[in-house]
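The sequence and the model are shown first, and the description follows.

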Amino acid sequence: MFNLVFFYCAIGAAVGLLADLFGDGGGTVIIPYLTWHGLAMLRAVGTSAVPGFPTALAGGLGYLVSGYGVPGLPSESLGYISLPALTGIAIVSALAAPLGVHLARRIPLRTLNTAFALLVFCMGIRMPAGTL
């Protein structure tokens, strides 16, 4: 039992580290991991949303704490978190999620896989040199 818990903690730490390096919530790392282990693409995308919330919460808390009291930040921010940006992103995400689900079910699987691979590739290119 302990070995299994250790294994999943190690996987979670690796996903978290890579997600941090990519600058995303972990979906670009966990989706390939889940599909590699036999989960269907649509199910992997849906499943990857589950750890996205605690990842975002931990990241947000980090930005809040590390930016707390830093001079020169806009008054409408909490640490390094811009409240107008947070509000806009939350609203657009909530409205666009059903559209994304609808499109993912209509797009051929091969096209969806290719689009996701291109997204991961572009995020890898965007990563600063020497990060790893």
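## How helix packing is described

Helix axes are lines fitted to C-alpha atoms over the stretch in contact, and the angle between two of them runs from 0 to 180 degrees between N-to-C directions. By this convention, H2 and H3 pack at an angle of about 135°, and their axes lie 9 Å apart. Angles of 65 to 115 degrees count as roughly perpendicular and those over 145 as roughly antiparallel, and H2 and H3 are therefore oblique to each other. Their crossing is right-handed.

## Overall layout

The model is predicted. The chain has 132 residues, of which 17% count as buried. Its secondary structure consists of 5 helices and 2 strands, in the order α-α-α-β-β-α-α along the sequence. The C-alpha trace spans about 50 × 40 × 35 Å along its principal axes.

Helix H2 covers residues 27-36. Within H2, the buried residues are Gly27, Thr28, Val29, Ile30, Ile31 and Leu34. After H2 comes Gly38, which has a positive phi, near 95°.

H2 also packs against H5, at an angle of about 135° and with the axes 10 Å apart. That angle makes H2 oblique to H5. H2 passes H5 in a left-handed crossing, whereas the crossing of H2 and H3 is right-handed.

## The second largest pocket

The second largest pocket has a volume of about 160 Å³. Its lining is made up of 14 residues, and those closest to the pocket centre are Gly12, Val15, Ile30, Pro51 and Thr55. One of these, Ile30, is also among the buried residues of H2.

Three helices each supply at least two lining residues: H1 (2-22), H2 (27-36) and H3 (41-67). The largest share, 5 residues, comes from H1. Sorted by class, the lining holds 8 polar and 6 nonpolar residues, and no charged ones.

Leu109 belongs to helix H5, which runs over residues 109-126. Leu109 and Met41 are 68 residues apart along the chain, and their C-alpha atoms are separated by 7.7 Å.

Leu57 lies in helix H3. Leu57 has a relative accessible area of 54% and is therefore exposed. Between Leu57 and Met41 there are 16 residues of sequence separation and 25 Å of space, C-alpha to C-alpha. Arg105 sits in helix H4, residues 83-106. With a relative accessible area of 64%, Arg105 is exposed. In sequence Arg105 and Thr28 are 77 residues apart, and in space 19 Å apart, C-alpha to C-alpha. Thr28 is one of the buried residues of H2.

Notes: Residues are numbered from 1 along each chain as its sequence is written. This is a predicted model: local features need pLDDT of at least 70, side-chain atom pairs count only at pLDDT 80 or more; totals for chains, interfaces and linings use all residues. Side-chain values use heavy atoms; hydrogens and water are left out. Helices (H or I, at least four residues) and strands (E, at least two) are DSSP runs, numbered from the N terminus. On a 1 Å grid over the protein atoms alone, a cavity is a set of points where a 1.4 Å probe fits but cannot get out, and a pocket is an open set with protein on both sides within 12 Å along at least five of seven lines; lining residues have an atom within 4 Å of a point. Grid points are joined across faces, edges and corners, and a volume is the space filled by probe spheres set on the points. Ala, Val, Leu, Ile, Met, Phe, Trp, Tyr, Cys and Pro count as nonpolar, Asp, Glu, Lys and Arg as charged, and the others, Gly among them, as polar. Angles under 35 degrees count as roughly parallel, over 145 as roughly antiparallel, 65 to 115 as roughly perpendicular and the rest as oblique. A crossing is left-handed if the near helix is turned anticlockwise from the far one by less than a right angle, and right-handed if clockwise. Buried means under 20% relative accessible area, exposed over 50%, partly exposed in between (1.4 Å probe, protein chains only).
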